[in-house]
Amino acid sequence: MDEENTRSLKKMRCSFMRSPCFCLNQGVRRRDIALKIKAVSEKLDEIAKEKAMYGFELYKAADHELPRLSSTSLVDDSSVCGRDDEKKIVISMLLAKNSQEARDVDVISLVGLGGIGKTTLAQLAFNDAEVTAHFEKKIWVCVSEPFDEVRIAKAILEQLEGSTPNLVELQSLLPRVSQSINGKRVLLVLDDVWTEDHRQWEQLKPSLAGCARGSRILVTTRKGAVAAMMGTDHQINIETLSDDACRSIFNHVAFYKRSKEEHERLTDIGNKIANKCKGLPLAAKVLGGLMQSKRTREEWENVLSSELWRLDEVDKDQVERKLFLPLLLMDDNNVEEASVKTSIERVRHLSMMLPGATSFPSSIHRAKVLEGFIQCCIKLRMFLYKWIEIICKLL
C-alpha cells in the first residue's frame, strides 16, 4: 500500500511540474532573473567606465595599514595629557644624564601600539627648551613605509642646509650628509619606522657616525624587532593612558566651544564613551572629534551603545585597523554602519588619502563611484541568492 501511495505522489508531482501553468510561471521567473542580472551587469560596466575615466584604482592594503598623515615636529602641548613622567625620562636620556659618553651616537627607541602617543612624546621632547639648547642641530624625519633611504637623506640635508639638494643618487647624498653633520651634536628623530630589514638601515647609518659625542637618534616604532634592528641602546615601552587621562583628552575635543549647559548635560555619558578608549590617546581624540557634531543626548547614547565600541574583543595589534579606520569612515547619521557614504567633512579630511586624489570634488566622486560599485555587488548577491532559492524549490 505504501509503495502505491508513493508512486501516486510521484506521478502527481511530475504531472504538476509538466503542467502548462507551472512551466509558464517558471519561465517568467527565469526571465525576470535574467533581466535583473543583465541590469546589474550593465551598471557594473557603467561603473567600470567611470573608474577608468576618473582614474580610480583598487588596491589591497596590508592588514596593519591605515593611511597615515606625515608627521612634523610641531605639537599642541595644551591637548596632551598623562605623559609627564615619560617626557622626563626621554629628555633625561637625550641630555645624556643616564649614560654619560657611552659612545658617539646613542639610539633611543619609543615602542608601543599605534595611537598610543609615541609621536606626541617625541614631539614634546624635540621641542623642549633644554633639548633645543643642548643640540646644535635638530632634525625630524617621518619615515613611515616604505623605508626610502634617498628621501630620508634628502630630508636630513634639507633641514641641515635649509634647501633641498638637487641630487637623486644615494651615493651622492650620503657623503654630503656625513659632511654636514661632521663634528656637530645632532638630534635626529626618525618617526614611524616599520622596516625590519637591517640592510636598509645599514646603508644610512655610516653617514651619521661623524657627528659629535652626545648626539642622539630618537626612533618611534610599533615593533620591538625594529628597535633591535636599529641597534637601540635604550628602549622605552610606552604604556596606555589612565582612564582619567583619556577622559580629559576626549572632553578637550568633544566639548570644544560648547556651552556650559551642553557640557553639564552630556559629561556623564561622555565619560562612559571615553572609558572605552583602551588607554589610547588617539582613540580619545578620534571619538571626541566624532562627538563634536552630535548635539542631542540620544545621539551620544547611540554612540555609547554601538557595537563598534566593543574594544575588549579587538586584539591590541589590530586596534588601529578595527577602530580608527571605521571611526574615520563612519556615517554621521548612523553610528551602526561604517559606510562608504561619509559626511562632507570626513571626505574632505580623507580626500588626499585616496589613491591618485588631486582635489576635494574629484575625491567625492571617487567615493560615490566606490559606493555605487559596492551597492551593485550587494544587489547582485541578493539576486543570486534569490535565484538559488528558486532553483532549490524546483528540485
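User: How is the crossing of H6 and H7 read: left-handed or right-handed?
Analyst: Two packed helices are described by the angle between their axes and the distance between the axes. A crossing is left-handed if the near helix is turned anticlockwise from the far one by less than a right angle, and right-handed if clockwise. Here H6 and H7 cross in a left-handed way. This is a predicted model, in which local features need pLDDT of at least 70, side-chain atom pairs count only at pLDDT 80 or more, and totals for chains, interfaces and linings use all residues. Residues are numbered from 1 along each chain as its sequence is written, and side-chain values use heavy atoms, with hydrogens and water left out.

User: At what angle do the axes of H6 and H7 cross?
Analyst: Helix H6 (residues 149-161) and helix H7 (residues 170-181) cross at roughly 35°, their axes coming within 10 Å. Helices (H or I, at least four residues) and strands (E, at least two) are DSSP runs numbered from the N terminus. Axes are lines fitted to C-alpha atoms, for helices over the stretch in contact, with angles from 0 to 180 degrees between N-to-C directions.

User: Which residues make that contact?
Analyst: Contact means heavy atoms within 4.5 Å. H6 contributes Glu149, Val150, Ala153, Lys154, Ile156, Leu157, Leu160 and Glu161, and H7 contributes Leu170, Leu173, Leu174, Arg176, Val177, Ser180 and Ile181. By class the contact of H6 with H7 has 10 nonpolar, 1 polar and 4 charged residues. Ala, Val, Leu, Ile, Met, Phe, Trp, Tyr, Cys and Pro count as nonpolar, Asp, Glu, Lys and Arg as charged, and the others, Gly among them, as polar.

User: How do H10 and H12 lie relative to each other?
Analyst: The axes of helix H10 (residues 243-254) and helix H12 (residues 281-291) come within 8 Å and cross at roughly 30°. H10 and H12 are therefore roughly parallel; angles under 35 degrees count as such, over 145 as roughly antiparallel, 65 to 115 as roughly perpendicular and the rest as oblique. H10 passes H12 in a right-handed crossing. Cys246, Ile249, Phe250, Val253 and Ala254 of H10 meet residues of H12 including Pro281, Ala284 and Leu287. The contact of H10 with H12 divides into 9 nonpolar, 2 polar and 1 charged residues.

User: What is the arrangement of H3 and H4?
Analyst: Helix H3 (residues 84-94) and helix H4 (residues 118-126) have axes that come within 9 Å and cross at roughly 55°. That makes H3 oblique to H4. The crossing is right-handed. Glu86, Lys87, Val90, Ile91 and Leu94 of H3 touch Leu121, Leu124 and Ala125 of H4, a set of 6 nonpolar, no polar and 2 charged residues.

User: Which peptide bond is cis, and which residue has a positive phi?
Analyst: Most residues other than glycine have a negative phi, and most peptide bonds are trans. Glu145 and Pro146 are joined by a cis peptide bond, with omega about -5°. Pro146 sits in the loop between strand E2 (137-144) and H6. Asp192 has a phi near 65° and belongs to strand E3.
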